Structures are given as C-alpha cells and as structure tokens.
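Hi everyone, thanks for making time for this.

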Amino acid sequence: MASYFGSKPLIMAAVMLFAVVTMMDLISCVIAARQPSSGIGYSEEAMKARHQKWMAEHGRTYKDEAEKARRFEVFRENAAFIDRSNAAGGKKYRLATNEFTDVTHDEFMAMYTGFKPVPSGAKKLPGFKYENFTLSDDQQSVDWRQKGAVTGVKNQGQCSCCWAFSTVAAVEGIHEITTGQLVSLSEQQLLDCDNNDGNNGCGGGNMDKAFQYIIGTGGLTTEDAYPYTGAQGMCQSVQPAVTISDFQDVPSGDETALAVAVANQPVSVGIDGRSFQSYGGGVFTADSCGTDLTHAVTVVGYGVAQDGTLYWLLKNSWGTTWGEAGYMRLERGTGACGIGQQASYPSA
Ligand SMILES: *[C@@H]1O[C@H](CO)[C@@H](O)[C@H](O)[C@H]1NC(C)=O
C-alpha cells in the first residue's frame with residue numbers, strides 16, 4: 001500500500017482529502033442529528049428559512065452577517081423551546097414566536113421589564129375603599145375594554161419602564177370611568193420627570209411612587225402633548241390633562257379583593273414576567289412561572305375560559321404582536337406569577 005501510494009503522491013493526496021471530507025460530513029451529520037435545539041422537525045436549512053421569514057414579518061435587519069449568525073442561534077434556541085412546549089401538550093396556553101424570538105432571556109429581562117417591587121416588610125398603605133363591596137351576578141366577568149376604559153396596547157420598546165405604562169393605564173381607566181372620556185396619557189412624562197423618588201425611567205420603577213408623583217405634580221398630560229420616545233430625556237414643563245386624588249393598595253395576596261377592585265376599575269400589578277417572553281395565547285398557568293415581581297402590567301378584567309379556568313385579563317406594554325393582541329389571560333385564584341402581591345389603583 002505504502003509503496004503504491006508512495007509512487008503516486010498526487011492520487012494519495014486526493015484519496016486522503018476525499019476521506020477527510022467524507023468523515024467531516026459524517027461528523028457534522030451526527031452533530032446535526034444530536035443538536036437538541038434544532039427545533040422539532042426542522043433541519044438547519046428549514047430553521048434558517050424560518051428565521052428569514054420571521055425577520056421579514058418583524059422587519060428585523062442585522063448590522064452584519066456575524067450579528068445575523070449570532071441572532072440565528074438565539075432564534076433557533078427560542079423556537080425550539082416554543083416547539084417543545086407546544087408539542088408537549090396538556091397546557092392551557094401556547095407559546096409563539098414574536099418580536100422577542102431573537103433575544104436571549106437575559107436580554108429580554110434587562111430590556112423589556114422594569115418593575116421595582118416595594119421591599120417586603122415595607123409599610124403598606126392603610127385603607128381599601130372596596131372592602132365592603134361584593135361582586136354582583138353580572139360582575140362574574142369584567143372586561144374594561146368593552147366598556148371603553150382602555151386605550152390601545154402600547155409598546156415600551158427597549159426601555160425597562162413597564163411601571164410607567166402600568167401606571168398610565170390605571171389612570172386612563174379611572175379617568176374614563178369617572179368622566180366618560182378616554183384620554184391616552186403620557187408615559188414619557190413619568191420617564192423624564194418622576195425621578196426624585198427611586199423611580200428611574202428606563203432603569204425601572206414602581207407604580208405607587210408614580211401615583212404619588214402624579215398627585216404631587218398636579219397630573220399627567222396627554223400622550224399627544226408629550227409622546228413616548230423610548231428613552232429617558234429632560235423633563236419638559238407640561239400642562240396637566242388628568243389628575244388623581246389618591247391611590248390605595250389592594251390587600252396583598254388576596255385575589256378576591258383584587259377581583260373586587262378590578263370590578264370597579266383597572267388595577268396596576270407587579271408580576272413575575274420572566275416566563276412571558278414567548279406567550280402566544282390561552283390561559284397562562286401558575287406552574288409555568290415563579291413569583292418574583294419583575295414586571296408590571298394592568299389588570300383590565302377577569303373571566304372564565306371555555307374550559308372553566310378562571311383567568312385575569314392583563315394589558316401589557318409589549319405591542320400587539322405579543323400574546324393575545326397584546327393581552328394575556330393568566331390563571332386566577334392560584335397566585336399565578338405573583339399576581340395580587342403588589343396591586344394598587346388610583347382614585348379620581
Ligand atoms: C365597611 O363596613 C364597616 C362596618 O360597617 C365600616 O366600619 C367600614 O367603614 C366600611 N368600610 C368602607 C371603606 O366603607
């Protein structure tokens with residue numbers, strides 16, 4: 001053998017090259033077959049096509065091929081997680097790709113949430129004005145959207161100011177309920193101006209502090225007058241359009257009290273948003289999340305799903321492509337995702 005090949009070095013080199021290439025192909029096939037995150041039924045090529053289609057749907061572009069390759073890997077991981085969860089069955093909700101499918105979980109939490117809970121043990125506000133209120137038969141389900149007290153779903157973008165959106169939605173709600181006028185109000189005012197109390201624009205904040213700011217400053221101006229930019233800026237002097245007189249906390253951990261409050265008005269809540277990234281619809285359940293209050297949303301209703309599951313209706317601030325047109329239904333009565341631990345509402 002050696003002498004045969006030795007006499008024909010060119011042929012030997014060609015044969016060896018062929019063998020190496022064949023082995024490499026084999027190895028990469030094995031790696032591809034074992035790749036746990038390539039998505040159910042998705043080859044590398046099919047996943048790339050899925051990413052490409054997703055990019056077109058969400059208008060996503062990347063600065064160069066390296067960034068695209070990096071984002072593809074994240075997309076692949078997330079898509080595989082979504083596919084596995086949906087294929088597993090037995091869930092009341094489904095996951096879906098959305099505008100967050102190419103960001104890692106850590107990036108997601110850093111950019112799109114932003115709730116600073118009141119430290120546990122902090123003094124709770126006394127008084128719950130709905131304490132003697134009982135739900136009537138026609139309050140077994142409530143949807144403030146149908147009553148015209150909820151503005152369209154907004155989008156906080158890459159700024160951890162969920163707290164501002166949660167605050168504004170609650171104020172918009174009580175203002176409509178007491179005056180009959182639905183006015184979209186300014187989150188940007190909270191970002192730029194509410195920063196002497198621990199609230200910090202895209203660095204996170206808390207709704208109770210924001211309510212206190214609104215009372216102190218004389219009100220919020222409109223979204224039109226002070227539009228959202230997605231970044232913290234200089235505080236502009238504003239003409240208040242809507243104000244509140246007071247705010248109260250719902251007794252912590254009491255979902256019956258929360259329902260009574262929500263029957264009367266939209267309510268701001270802290271929530272564990274860590275597993276919300278790929279929520280696509282249905283009733284999200286307690287077994288799929290923890291109870292660390294990392295995010296803030298507004299409860300704009302509650303009801304009973306077709307299969308009998310009780311749910312809360314949450315207005316989020318991640319645009320309309322997330323969840324159920326920007327909303328989430330969350331299991332009710334089980335403390336799911338920490339709901340009810342820190343809930344509060346303004347008074348007109
Ligand atoms: C609830 O009822 C009790 C007993 O009648 C009363 O003392 C209390 O002031 C009521 N609370 C509110 C908020 O009206």
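Let me start with a question: at the start of α9, which backbone nitrogen does a side-chain oxygen of D254 reach? It's the one belonging to T256, and the side-chain oxygen of D254 gets to within 3.1 Å of that nitrogen. Before going on, keep in mind that this is a predicted model.

Okay, let's stay with α9. This helix covers residues 255–264, and it's mostly covered, with nine of its ten residues buried. If you want to click on them, the buried ones are E255, A257, L258, A259, V260, A261, V262, A263 and N264. Here "buried" means that a residue has under 20% relative accessible area.

So what is doing the covering? Among the elements over the buried residues of α9 are the helix α6 (162–179) and the strands β2 (142–143) and β4 (267–271). The cover also includes β6 (295–304), β7 (310–315) and β9 (343–347).

Next up, empty space. Rolling a probe the size of a water molecule over the atoms shows where empty space is left. Searching the whole structure this way turns up three cavities of 30 Å³ or more. The largest cavity has a volume of about 90 Å³. It has 14 lining residues, and F165, A169, K315, N316 and S317 are the ones nearest its centre. Two elements, α6 and β6, each give two or more residues to that lining. The biggest share comes from α6, with six residues.

The largest pocket holds about 220 Å³ of space. Its lining has 13 residues, and closest to the centre you'll find F81, L95, R274, S275 and S278. Both α4 (65–88) and β1 (93–95) supply at least two lining residues. Of the elements, α4 gives the most, with three.

Last stop, the ligand. Which residues are around it? They are K129, E131 and N132. For E131, an N or O atom in the side chain sits 2.8 Å from a nitrogen atom of the ligand. For N132, a polar side-chain atom lies 2.3 Å from a ligand oxygen. And how much of the ligand does the protein bury? Taken alone, the ligand exposes 370 Å², and the protein buries 30% of that.

That's my tour, so let's hear your questions.

Note on methods: Residues are numbered from 1 along each chain as its sequence is written. This is a predicted model: local features need pLDDT of at least 70, side-chain atom pairs count only at pLDDT 80 or more; totals for chains, interfaces and linings use all residues. Side-chain values use heavy atoms; hydrogens and water are left out. A residue is near a molecule or strand if one of its heavy atoms lies within 4 Å of it. A polar contact is a pair of N or O atoms within 3.5 Å; within protein, one must be able to donate a hydrogen and the other to accept it, and residues adjacent in sequence count only if both atoms are side-chain atoms. Accessible areas come from the Shrake-Rupley method with a 1.4 Å probe; for residues, only the protein chains shown count as cover. Buried means under 20% relative accessible area, exposed over 50%, partly exposed in between (1.4 Å probe, protein chains only). Helices (H or I, at least four residues) and strands (E, at least two) are DSSP runs, numbered from the N terminus. Contact means heavy atoms within 4.5 Å. On a 1 Å grid over the protein atoms alone, a cavity is a set of points where a 1.4 Å probe fits but cannot get out, and a pocket is an open set with protein on both sides within 12 Å along at least five of seven lines; lining residues have an atom within 4 Å of a point. Grid points are joined across faces, edges and corners, and a volume is the space filled by probe spheres set on the points.
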